[in-house]
Amino acid sequence: MVAQVSPRELADAIAAGKPVYLIDVRKPWEHERAALPGSVLVPLDELTERVDEIEPPPGALVVAYCHHGVRSLSAAALLDRLGLPGVASLRGGIDAWSREIDPSIPRY
């Protein structure tokens with residue numbers, strides 16, 4: 001089962017200064033339209049080939065996100081199978097983040 005983190009839990013971790021590594025698994029056009037600050041774009045369909053580019057700092061909360069949280073669940077499960085355990089999915093995706101945490105991030 002893939003772990004999930006709520007937008008509030010992620011926002012609290014960021015506010016507390018905890019190390020966080022965000023992986024955006026959406027398409028480039030989606031990332032250009034709206035993205036969480038500091039996130040790394042690795043589209044889901046490129047994840048297997050680009051897994052070596054994912055280098056979270058030691059002890060970081062690693063969170064995959066997408067638009068609504070479906071692709072990020074798949075991404076977190078895939079990353080676990082590829083040897084990067086402990087990846088959580090952002091529940092509700094960037095859309096939930098925009099609604100619940102930061103309305104300045106455009107919804108689409």
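**View 1. Helix α1 and the elements that cover its buried side.** The elements covering the buried residues of α1 include β1 (4-5), β2, β4, β5 and α5 (93-100), where contact means heavy atoms within 4.5 Å and where helices (H or I, at least four residues) and strands (E, at least two) are DSSP runs numbered from the N terminus. This is a predicted model, in which local features need pLDDT of at least 70 and side-chain atom pairs count only at pLDDT 80 or more, while totals for chains, interfaces and linings use all residues. Residues are numbered from 1 along each chain as its sequence is written, and side-chain values use heavy atoms, with hydrogens and water left out. In helix α1 (residues 7-15), the buried residues are P7, L10, A11 and A13; buried stands for under 20% relative accessible area, exposed for over 50%, and partly exposed for values in between (1.4 Å probe, protein chains only). These residues cover an arc of only 160° around the axis, and therefore lie on the same side of α1, the arc being that of the directions from the helix axis to the C-beta atoms. After α1 comes G17, whose phi is positive, near 80°.

View 2. Strands β2 and β4 pair in the parallel sense over 5 bridges, pairing being assigned if DSSP finds at least two bridges between two strands. Within this pairing, L22 stands opposite V63 in β4. Strand β4 is also joined by 3 bridges to β5 (residues 87-90), and these two strands run parallel, with A64 standing opposite S89 in β5. Of the 5 residues of β4, 4 are buried, which leaves the strand mostly covered. Together, β4, α4 and β5 make a right-handed β-α-β unit; a crossover is called right-handed if, with the strands pointing away from the viewer, the path from the first strand over the helix to the second runs clockwise.

**View 3. The largest nonpolar core and a second, separate one.** The largest nonpolar core has 17 residues, and those with the most contacts inside it are Y21, I23, V25, L47, I54, L79 and V87; such a core is a set of buried Ala, Val, Leu, Ile, Met, Phe, Trp, Tyr and Cys residues joined through side-chain atoms within 4.5 Å. At least two residues of this core come from each of β2 (20-24), β4 (61-65) and α4 (70-81), and α4 gives the most, with 4 residues. Not counting residues up to four places away in sequence, I54 touches Y21, I23, V42, L47, L79 and L84. A second, separate core of 13 residues includes L10, L36, V63 and W97.

View 4. Residue Y21 lies in strand β2 and, at 11% relative accessibility, counts as buried. Leaving aside neighbours within four places in sequence, Y21 is in contact with V40, E53, I54, E55, P56, P57, A60, L61, V62 and V63. One of these contacts, V63, is 42 residues from Y21 in sequence, whereas the two are 6.3 Å apart in space, C-alpha to C-alpha.

**View 5. Salt bridges between side chains.** The structure holds 9 salt bridges, each defined as a side-chain nitrogen of Lys or Arg within 4 Å of a carboxyl oxygen of Asp or Glu. The side chains of D45 and K27 meet in one of them (2.8 Å, N to O). Because D45 lies in the loop between β3 (40-41) and α3 (47-50), and K27 in the loop between β2 and α2 (28-33), this pair ties together parts that are 18 residues apart in sequence. Residue D45 is exposed, at 52% relative accessibility, whereas K27 is partly exposed, with a relative accessible area of 35%. Another salt bridge is formed by the side chains of E30 and R71 (3.0 Å, N to O), and since E30 lies in helix α2 and R71 in helix α4, the pair ties together parts that are 41 residues apart in sequence. Here E30 is buried, at 4% relative accessibility, while R71 is partly exposed, with a relative accessible area of 26%.

View 6. The side chains of E53 and R50 meet in a salt bridge (2.9 Å, N to O). Residue E53 is partly exposed, with a relative accessible area of 45%, and R50 likewise counts as partly exposed, at 21% relative accessibility. Salt bridges that share partners join D95, R99, E100 and R107 into one network.
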